[in-house]
Amino acid sequence: MVKFFRKIRQQLLAENKFRTYLVYAFGEIFLVVIGILIALGVNNWNEENKEHQLGNDLLIRIHRDLVQDTIQFSRLINRNNALREELKQELVNVYDGIGSMEEVHRLSDTWDNLLDQQFAPNDNTYQSMLHSGSVGFIKNPELKDAIIDLYSDYDQISTLLGSISDWMIGIASHMDSETDFIKFGSGVSDLFTTPEMFNADDYAFLNEKDHPKFKLFIRAMSSVAFYQKVNNHYRSELIKKCTTVLNRIDHELQKQ
């Protein structure tokens, strides 16, 4: 192709058609410029299409993470509600009087389960987006802001629950240091294999309502119940916010 155009130019110069040569030269330059512009346009379109696809892939992954979060939050809320009812009944039994070690074991199991309130949402995709700078691939500004706001709530709630957990663990540790209630935990009770090591004296304080150890026990139970209640409240709020963002992601993907 280059040889063809060069041959035409040489022919025009040989025939002394300088004006025609200039017109042709300018025309050739124009075609080259148009070709470059078209190539740039195609390249830009390819880049935009690539970023668009990356943005959709990120939305799909965030959607998957939020669905998993809502399922996890709902499961923990239901579990906590059931445990709270168990704790209510166990406290009724305590105030009625503890008559056997089996009753204390049941109470200890409920206590251990209530302590398990770890807040661990699925934020791997979002954290990866932040570190890689790919948040900008989500082109809908309102949707992008909604996602950022949601994960900001995750961080704030995680910090708040962490502070309450530290407070609650402090009370629980104090109880463990002042009483033998920890001996009834499923993770350690098998260590105490003789009556001398493990007997009714270990829970006698539970039948002395005015004893400081009993009051400490009730305070510890109340703190873990409060921690559980707060966890349920914030998980319920996050389910609502996750559902809103999920609906907006669905709407955005359906537009494609």
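Select E252 to start; this residue sits in helix 6, which runs over residues 212-254. The model you have open is a predicted one.

**Stop 1: E252**

Is E252 buried or exposed? E252 has 11% relative accessibility, so it counts as buried, the cut-off for that class being under 20%. Next, show the side chain of N140 along with that of E252. A polar contact of 2.8 Å joins these two side chains. To see what else E252 touches, leave out residues up to four places away in sequence; L59, N140 and L143 are then its contacts.

**Stop 2: Q117**

Move on to Q117, in the loop between helix 3 and helix 4 (124-132). Q117 is buried, because its relative accessible area is 3% and buried means under 20%.

Which residues does Q117 touch, not counting residues up to four places away in sequence? Select R79, N80, Y227, Q228, N231 and R235. Then look at the polar atoms of the Q117 side chain. A polar contact of 2.7 Å joins that side chain to the side chain of N80. The side chain of Q117 also reaches the backbone oxygen of L114, at 3.2 Å.

Q117 and V224 are 107 residues apart in sequence, yet their C-alpha atoms are 9.6 Å apart in space.

**Stop 3: two residues of helix 5**

Now select helix 5, which covers residues 141-178. Begin with D149, which has its place in this helix. D149 has a relative accessible area of 49%, so it is partly exposed; exposed would mean over 50%. From D149, find V245: the two are 96 residues apart in sequence and 10.0 Å apart from C-alpha to C-alpha.

Go along to L160, also found in helix 5. L160 counts as partly exposed because its relative accessibility is 33%. Select N231 as well; L160 and N231 are 71 residues apart in sequence, with 9.9 Å between their C-alpha atoms. N231 was on the list at the previous stop, as one of the residues that Q117 touches.

**Stop 4: the largest pocket**

How much space lies in the largest pocket? The figure is about 180 Å³. To find the pocket, select W111, D112, L115, D176 and I182, which are the closest to its centre among the 14 residues that line it. Helix 3 (101-115) and helix 5 (141-178) are the elements that give two or more residues to this lining. Colour the lining by class to see seven nonpolar, five polar and two charged residues.

**Stop 5: the whole protein**

Zoom out and switch to a cartoon view. The secondary structure comes to six helices and zero strands, and the pattern along the sequence is α-α-α-α-α-α.

Switch to a surface view next. The protein exposes about 15,400 Å², and carbon and sulfur atoms supply 56% of that area. Of the 256 residues, 35% are buried, E252 and Q117 being among them.

Last, think of contacts across the chain. Among those between residues at least 6 apart in sequence, 79% join residues at least 24 apart.

How values were computed
Residues are numbered from 1 along each chain as its sequence is written. This is a predicted model: local features need pLDDT of at least 70, side-chain atom pairs count only at pLDDT 80 or more; totals for chains, interfaces and linings use all residues. Side-chain values use heavy atoms; hydrogens and water are left out. On a 1 Å grid over the protein atoms alone, a cavity is a set of points where a 1.4 Å probe fits but cannot get out, and a pocket is an open set with protein on both sides within 12 Å along at least five of seven lines; lining residues have an atom within 4 Å of a point. Grid points are joined across faces, edges and corners, and a volume is the space filled by probe spheres set on the points. Helices (H or I, at least four residues) and strands (E, at least two) are DSSP runs, numbered from the N terminus. Ala, Val, Leu, Ile, Met, Phe, Trp, Tyr, Cys and Pro count as nonpolar, Asp, Glu, Lys and Arg as charged, and the others, Gly among them, as polar. Buried means under 20% relative accessible area, exposed over 50%, partly exposed in between (1.4 Å probe, protein chains only). Contact means heavy atoms within 4.5 Å. Accessible areas come from the Shrake-Rupley method with a 1.4 Å probe; for residues, only the protein chains shown count as cover. A polar contact is a pair of N or O atoms within 3.5 Å; within protein, one must be able to donate a hydrogen and the other to accept it, and residues adjacent in sequence count only if both atoms are side-chain atoms.
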